[in-house]
Amino acid sequence: MERQIKLATLGALIGNSIFGFSFMFSRMALNVASPFVMLMYRFILAAVLLGAIAGIAAKKGDRRAADGGIHWLRFSLKGQKMLPLLLLGLVQPVLYFLCESYGISMTNATFSGVIIALVPIVALAAGALVLREIPSRAQVLWSVVSILGVVLMTLQQSAEGAIQQLGVVMLFGAVVSGVAFNILSRKMSVQFSALERTTVMMAVAAVIFTALAVVECRGDLAQLAAPLHSGMFMAAMVYLSVFSSIMAFLFINFASNTLPVAKTTAFCNLTTAISMFAGVVFLHEPFGVMSLIASVMIILGVWKVQSADTKSK
């Protein structure tokens, strides 16, 4: 069991580290294509590659894990109820990435990463409502500190013209979707493997975002194909599809097999730190003293919330 916890923790660590750079690559892709077109290419490529992996796994049969549970690379959906998997796919990536992509396009990579850092705090509230895990006074206090940090950064960067209010709303929508995904994935881990969950998630996203992109471009194939002429767009797609969509989600779904939701979402702190680093260093986004203070408030608050004890009711 200790080995499983270590492997799950490593999986969550790697997955969220990969996610950290996704904000920067999403911003790069959105400079060339609309959110729908960008997401269409991202998830079509991910679905095709995962479909090939799933096909290989299916031929190897119903393999079991060492502890008798479901092997994380098993793929056998025959006779399984698909509705839970389809719901998971709608929550993540569809709703999450709709909110995140438009949020990034209306803000910047640095601010987006910091907002997503609120996922652990929202997960804390969801745990109280769904799992009956009551937060302590210290957790409530540090949650308020993080929220004040978000308000401070919003006011600061809005004054600089870097953030639109609708973008902030969309990013908070991404936070709620992210928490719902972690709860659903955790509950479904006893029935579906990490590969099964991830493959269906990518397939659902590919279908929906392709439909939305076609409607947006009014069926103009030339407009849909235009981003493919950009080397920057293609490079971003490789990272967002292969690393962020396939590898990261496989690792996160693998981690949810063992770790509780609170511990899985706690790794968003690392995602935030990496996204801020990438946005400032590579995209030269503004990051003044006030932004630094706000970021420290948010990250410190999230960390303190996770380190404090919860009470099970």
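## Surface and burial

The accessible surface of the protein comes to about 14000 Å², and carbon and sulfur atoms hold 70% of that area. Accessible areas come from the Shrake-Rupley method with a 1.4 Å probe, and for residues only the protein chains shown count as cover. The model is predicted: local features need pLDDT of at least 70, side-chain atom pairs count only at pLDDT 80 or more, and totals for chains, interfaces and linings use all residues. Residues are numbered from 1 along each chain as its sequence is written, and side-chain values use heavy atoms, with hydrogens and water left out.

The protein has 313 residues, of which 50% count as buried. Buried means under 20% relative accessible area, exposed means over 50%, and partly exposed lies in between (1.4 Å probe, protein chains only).

## Helices, strands and contacts

The protein contains 13 helices and 2 strands. These are DSSP runs numbered from the N terminus: helices are H or I with at least four residues, strands are E with at least two. Among contacts with a separation of 6 or more, 89% join residues 24 or more positions apart; a contact means heavy atoms within 4.5 Å.

With a relative accessibility of 9%, S177 is buried. Leaving aside residues up to four places away in sequence, S177 touches V91, L95 and Y96.

## A nonpolar patch

On the surface, L7, L10, L13 and I14 form a nonpolar patch with about 280 Å² of accessible area together. Patches are made of residues with over 30% relative accessible area and no salt bridge; like charges are joined within 9 Å, and nonpolar side chains (Val, Leu, Ile, Met, Phe, Trp, Tyr) within 5 Å. A salt bridge is a side-chain nitrogen of Lys or Arg within 4 Å of a carboxyl oxygen of Asp or Glu.

## Aromatic pairs

Rings of Phe, Tyr and Trp (its six-membered ring) pair if their centres lie within 6.5 Å; planes under 30 degrees apart count as stacked, over 60 as edge-to-face and the rest as tilted. By this rule there are 10 aromatic pairs. F19 and F249 form an edge-to-face pair, 5.2 Å centre to centre with 70° between the planes. This pair links distant parts of the chain, with F19 in helix 1 and F249 in helix 10 (residues 231-256), 230 residues apart. Both F19 and F249 are buried.

A stacked pair is formed by Y239 and F243, at 5.4 Å centre to centre and 20° between the planes. About one helical turn separates Y239 from F243, because they are 4 residues apart in helix 10. Y239 counts as buried at 14% relative accessibility, while F243 is partly exposed at 33%. One aromatic cluster is made up of F19, F43, Y96, F97, F181, F209 and F249.

## Backbone details

Most residues other than glycine have a negative phi, and most peptide bonds are trans. The peptide bond from Q92 to P93 is cis, with omega near 25°, and P93 is found in helix 3 (residues 83-105).

R218 is a residue other than glycine with a positive phi, near 55°. R218 sits in the loop between helix 8 (194-216) and helix 9 (221-225). With a relative accessible area of 79%, R218 is exposed.
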